[in-house]
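Please look over the sequence and the model shown below before reading on.

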Amino acid sequence: MRADAVRNLELVLTTGARMLAEDPATSIAAIAAEAGVDRRTVYRRFAGRDELLAAVYQARLDAIEEAVAAARLREAPVPVALHRYVEGIIGVNRKWPVELKRMTADPAARERRDRVVEEVEVFLRRATAEGFLRPDLPPGWPGAVLGRLLHLGGQELPELTDAQAADVLVDTFLRGFGA
């Protein structure tokens, strides 16, 4: 694709993610107008709102996988990996604020998401084994709470950069679950 086509696609996807998160009934025409492109441009790429939403979910999953890879959860020191992961996912949540429950209705998207969740769980077990997290917590609880903190951090701390919000979340998480 040409550079302007790539830029327009990214703009349509991020605008669509934001607007569909606010109102799932948002029209393609409204998304196109907000993105500053002609609606025919959107319809050339997507047959309708469902196709656009599927592309948004794929872009979100791509961004999540990139954030997990960049965090180096298996090899970086636990505090460094945790901060990188949290900062990356806050950025993803802010850029792609789509409803996760609807995203996981698609089997392929659910499978990709489940792989990421398992990667984080492996990391949290490593953090526990290395003494960074308390060993007396119910299985899965730290991951569940971390997920909720990530969601809150993206929404409730808009005045902070991704890195600053990650500082707050990592501190909150480690004070609550730290060894």
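Residues are numbered from 1 along each chain as its sequence is written, and side-chain values use heavy atoms, with hydrogens and water left out.

**Overall make-up**
- The secondary structure comes to nine helices and zero strands, where helices (H or I, at least four residues) and strands (E, at least two) are DSSP runs numbered from the N terminus.
- Taken along the principal axes, the C-alpha atoms of the protein fill a box of roughly 55 × 35 × 30 Å.

**Confidence**
- The mean pLDDT (the predictor's confidence in each residue, from 0 to 100) is 91 for the protein, and 98% of its residues reach 70 or more.
- Among the elements, α5 has the highest mean pLDDT, 96, whereas helix α6 (residues 100-103) has the lowest, 69.
- Where pLDDT is low, the predicted coordinates should not be read in detail.

- Just after α4, Arg72 takes a positive phi of about 55°.
- The axes of helix α4 (residues 49-71) and helix α5 (residues 78-95) come within 8 Å and cross at roughly 165°; axes are lines fitted to C-alpha atoms, for helices over the stretch in contact, and angles run from 0 to 180 degrees between N-to-C directions.
- That angle makes α4 roughly antiparallel to α5, a term for angles over 145 degrees.
- The contact (heavy atoms within 4.5 Å) involves residues including Ala63, Ile64 and Ala67 of α4 and Tyr85, Gly88 and Ile89 of α5.
- The residues of this contact of α4 with α5 divide into ten nonpolar, two polar and two charged, with Ala, Val, Leu, Ile, Met, Phe, Trp, Tyr, Cys and Pro counted as nonpolar, Asp, Glu, Lys and Arg as charged, and the others, Gly among them, as polar.

**Helix α5 and its packing on α7**
- α5 and helix α7 (residues 107-129) pack at an angle of about 150°, with their axes 10 Å apart, and that makes α5 roughly antiparallel to α7.
- The contact is made by Val78, Ala81, Leu82 and Tyr85 of α5 together with Val120, Phe123, Arg126 and Ala127 of α7.
- The residues of the contact of α5 with α7 divide into seven nonpolar, no polar and one charged.

Technical notes:
Predicted model: local features only at pLDDT ≥ 70, side-chain atom pairs only at ≥ 80, totals over all residues. Parallel < 35°, antiparallel > 145°, perpendicular 65-115°, else oblique.
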